[in-house]
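Please open the model in your viewer and keep the selection panel at hand. The tour begins on the surface and then moves inside.

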Amino acid sequence: MTTFRTIVRLKLAATLALALAALIDPEAFAETLSPGWDAPADWVRAFGAFYIFAAAGYAPSAIAPARTHIANMYPLLAPIVPALLFLWLGGLFAWAAAFELLFLVLLHWSFRRDALRWLMAQP
């Protein structure tokens with residue numbers, strides 16, 4: 001499950017980087033992702049706080065995915081709800097939806113590939 005673990009770690013790092021950028025300077029974060037759209041700073045900070053808590057769910061799969069089979073469902077299913085919510089909100093959040101959908105596809109592809117490889121290696 002090395003490919004899956006690598007992509008989960010990349011998702012975890014990218015999520016934390018986005019969250020910290022949104023928390024530290026919400027105005028610059030909003031202007032960078034969506035020029036001309038005046039996003040309230042509190043909404044952008046809430047977005048950053050949400051991503052901090054969402055990133056915590058990726059930790060078991062980033063550390064040892066072969067030993068945490070049930071915890072691997074979080075990275076595979078959790079991005080669906082925020083992606084739909086961010087698509088509905090639009091504006092600045094359309095970028096977040098694209099971010100979630102990209103990693104959702106990558107995680108599903110790598111999990112399927114690595115899980116089949118692991119399953120076939122069993123006696």
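Select Met73, Leu77, Ile80, Val81, Leu84, Leu87 and Leu101, and show their surface: together they make a nonpolar patch of about 640 Å². Patch members have over 30% relative accessible area and no salt bridge, with nonpolar side chains joined within 5 Å; a salt bridge would be a side-chain nitrogen of Lys or Arg within 4 Å of a carboxyl oxygen of Asp or Glu, and accessible areas come from the Shrake-Rupley method with a 1.4 Å probe. Colouring by element shows that α5 (73-77) and α6 (80-89) each give two or more residues to the patch, and that α6 provides the largest share, four residues. Leu87 lies in helix α6.

This is a predicted model, in which local features need pLDDT of at least 70 and side-chain atom pairs pLDDT 80 or more, while totals for chains, interfaces and linings use all residues. Residues are numbered from 1 along each chain, and side-chain values use heavy atoms, without hydrogens and water.

The C-alpha atoms fill a box of roughly 60 × 25 × 20 Å along the principal axes.

Finally, select helix α2 (residues 26-33) and helix α3 (residues 41-56), which pack at about 90° with their axes 9 Å apart. They are therefore roughly perpendicular, a term covering angles of 65 to 115 degrees. Their contact (heavy atoms within 4.5 Å) involves Pro26, Glu27, Phe29 and Ala30 of α2 and Ala41, Val44, Arg45 and Phe47 of α3.

Note on methods:
Axes fitted to C-alpha atoms, helices over the stretch in contact; angles between N-to-C directions. Parallel < 35°, antiparallel > 145°, perpendicular 65-115°, else oblique. Patch = residues over 30% accessible without salt bridge, like charges linked within 9 Å, V, L, I, M, F, W, Y side chains within 5 Å.
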